[in-house]
Amino acid sequence: MKAIYFTGDLTQVETGLQILAPKLGYTIHTDGIEIKLQQQGESLMVSKTIDAIQITFREPAHLFRGLTLLLAHWEQETYHLVEHPHFKLIGPMVDTSRNAVPTVEKIKELLETCSTMGLNQFMLYMEDTYEIPEYPYFGYLRGRYTYTELKELDDYGFALGIELIPSIQVLGHLKNPLKWNFAREMRDTEDILLVDEPKTYEFLEKAIQAASRPFRTKKIHIGMDEAHTLGLGRYLQKNGFENRFDIMNRHLAHVLTITDALDLEVEMWSDMYFRLGSKTGDYYDPEFDIPSEVVNSIPNVKMVYWDYYHHEESEYENLLASHQLLEKPIVFAGGIWTFNGVAPNYGKTMISTNAALAACKKQQIESVYATLWGDDGAETPLDTALLGLQLFAEHQFNAEVPDELLAQRFMEIQHESMAAYLLLDRFDQTPGVAKNNPSGSAISKIILYQDLLLGLYDETISSFDLTTHYKQLAQELKTCSRANHSEIFAHYTRLADLLVIKTDLGIALKAAYLACEKTQMRELLVTINQLKEQVQALRLGHRKIWFAANKAFGWEILDIRYSGILGRIDTTIWRIEAWLENDQPIEELAAERLPFDGPYPMPEGIILGRNLYHGIISPSKLSDV
């Protein structure tokens, strides 16, 4: 443990320095080595000579990054670093609304990590995971944060030089809370609020107050994205068809009367203006048409352009130019692909981020978010995103980020191996998938959940040697170098081992059944029982990871999914044994297999696809009328 003490400009950083001491491995003691701090200028400068150590910084988070890098090179007699920030604000957006609600301690841990990387903003995306006292069913049994918890996080982030920003929804993406009867009179469609309804704005006033009150910042993100059926539900029944641009702007104006009264600075996702101006409803449609009168009537908000999909810098430049036509300040939100399936998609993360942030630098965008979505149940652990966060951080402090620099900084700051984290990308970067997985194929999730007897994807995957791929991946995971997060790598090692067994198992079952190979089928029963043990081990390991990072609420969904696999394995064994003993037909194995078709069209030449849980397990209905 290094003994050091700090002199100079300590007013804004003293508490943060105390918080980070255990993480960075130092104690603060006047008998230690002096580090002089000077808050001035725009650049981050670290200078260590035989005679003196000094860090010059613009803001606290930059100091904490400089200190982290200095301590990584502590044994050197001299060390010099000069870095120039490219963005005024940059940091993650953490999704707390897809079942996984990170605990206060987990968010604190992530805030510490962000501060050591020099990231200075942190957005909490909360659809219904914050408490509104007047509406007890809002976020009921969903792990919602209390005022006290959010205030505690804000205080912690402030000490570390990070601005915490609440992100909520005031129009769409509200399916969870709108299912309760308190929302009956303010529901347009199942996930969209009813515009112009007084009860809608009574609710939103309380929601915005509750979401903003715990935070120092005067910023709030109000969502309003992907409201695809705006004005087409009860609104249409009550009012007839109306220009949807007008509905959008009128609702936004209503919301801003609330935020203005609270003196809040508003950000919103930009996509609905482009979708409404597109004949196809496509956010990125180059043929969009937004009338000038619509632009002129958009209230005073910042437009957050979100894009995790494009791979060319020119594409982002064009779309940023399109956003300029809205005549509003532009914020950019890129993505770390934790929402691909059960493992991160780093190929797409890196190629899209490098292109996007290069364009943002040229266009002098001031504020950037790295979104960490948890689509379809937050199956991918949050810590798998750490390399992606490092990539965003390096773009903040470097004009370009070659892989060598990223790997170096990841090791220096987080003590993690970039090569190890990139192994996680290979769960879905398989034979049959284009380089960097541009279409977001998620074959590891498909194989994990697809039914042994139904084999919905068996015809699709049968042409590719995925078993050999996963054998190699499992071996590399077992031998890769890693300093931390051993539970996560153990989890993914178990997943790779499971995929080795399960990938071709359904295909083998069908072949043995059709050939009436009972000896082979008995051998396959042994494999199926082995698979059952692997699923149970995977579930228990995943559960441990979940409860170490998240509140309990939401895990029940993954418990049900794992239990579904186990239940179907039991039925598969029962069906096979009945055939072996009594020649009872197995209709599922006799049925013809077709290539999987839908719901996400894959580009020509890309065979393997992606799907949500309910579309993988069965062509029958999981729920609904």
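I would like to begin inside the protein, with the second largest cavity, which is lined by I447, Q450, D451, L452, D458, K502 and G506. Please keep in mind throughout that what we have on the screen is a predicted model. The volume of this second largest cavity is about 40 Å³, and its lining residues divide into two nonpolar, two polar and three charged.

How many cavities of 30 Å³ or more does the structure hold? The structure holds two of them, and the largest cavity has a volume of about 60 Å³. By class, the lining of the largest cavity has seven nonpolar residues, two polar ones and one charged one.

Let me turn now from cavities to a pocket. The second largest pocket has a volume of about 430 Å³, and, of the 30 residues that line it, P381, L382, D383, A549 and N550 are the closest to its centre. Which element supplies the largest share of the lining of this pocket? That element is helix 21, with six residues, while strand 7 (89-95), helix 3 (104-117), helix 19 and helix 21 each supply at least two. In terms of class, the lining of the second largest pocket is made up of 13 nonpolar, nine polar and eight charged residues.

Next, a few words about the backbone in two loops. D376 is placed in the loop between strand 16 (367-372) and helix 13 (386-397), and the phi of D376 is near 60 degrees, which is a positive value in a residue other than glycine. H485, in turn, lies in the loop between helix 18 (466-479) and helix 19, and H485 has a positive phi of about 55 degrees although it is not a glycine.

Two packed helices are described by the angle between their axes and by the distance between the axes. For helix 18 and helix 19, the axes come within 8 Å and cross at roughly 155 degrees, which makes helix 18 roughly antiparallel to helix 19. The crossing in which helix 18 passes helix 19 is left-handed. On the side of helix 18 the contact is made by T467, Y470, K471, A474, L477 and K478, and on the side of helix 19 by F489, Y492, T493, A496, D497, L499 and V500. By class, this contact of helix 18 with helix 19 has eight nonpolar, two polar and three charged residues.

Let us set beside this a pair from another part of the chain, namely helix 6 (residues 198-212) and helix 8 (residues 244-261), whose axes come within 10 Å and cross at roughly 45 degrees. Helix 6 and helix 8 are therefore oblique to each other, and their crossing is right-handed. Where they meet, helix 6 brings T200, Y201, L204, E205 and I208, and helix 8 brings H251, H254, V255, I258 and T259. The contact of helix 6 with helix 8 has, by class, five nonpolar, four polar and one charged residues.

The last pair is helix 2 (residues 60-72) and helix 14 (residues 403-414). How are they oriented, roughly parallel or roughly perpendicular to each other? The axes of helix 2 and helix 14 come within 8 Å and cross at roughly 90 degrees, and the two helices are therefore roughly perpendicular to each other. In this contact R65, T68, L69 and A72 in helix 2 meet R409, E412 and I413 in helix 14, and by class there are three nonpolar, one polar and three charged residues.

Key. Residues are numbered from 1 along each chain as its sequence is written. This is a predicted model: local features need pLDDT of at least 70, side-chain atom pairs count only at pLDDT 80 or more; totals for chains, interfaces and linings use all residues. Side-chain values use heavy atoms; hydrogens and water are left out. Axes are lines fitted to C-alpha atoms, for helices over the stretch in contact, and angles run from 0 to 180 degrees between N-to-C directions. Helices (H or I, at least four residues) and strands (E, at least two) are DSSP runs, numbered from the N terminus. Angles under 35 degrees count as roughly parallel, over 145 as roughly antiparallel, 65 to 115 as roughly perpendicular and the rest as oblique. A crossing is left-handed if the near helix is turned anticlockwise from the far one by less than a right angle, and right-handed if clockwise. Contact means heavy atoms within 4.5 Å. Ala, Val, Leu, Ile, Met, Phe, Trp, Tyr, Cys and Pro count as nonpolar, Asp, Glu, Lys and Arg as charged, and the others, Gly among them, as polar. On a 1 Å grid over the protein atoms alone, a cavity is a set of points where a 1.4 Å probe fits but cannot get out, and a pocket is an open set with protein on both sides within 12 Å along at least five of seven lines; lining residues have an atom within 4 Å of a point. Grid points are joined across faces, edges and corners, and a volume is the space filled by probe spheres set on the points.
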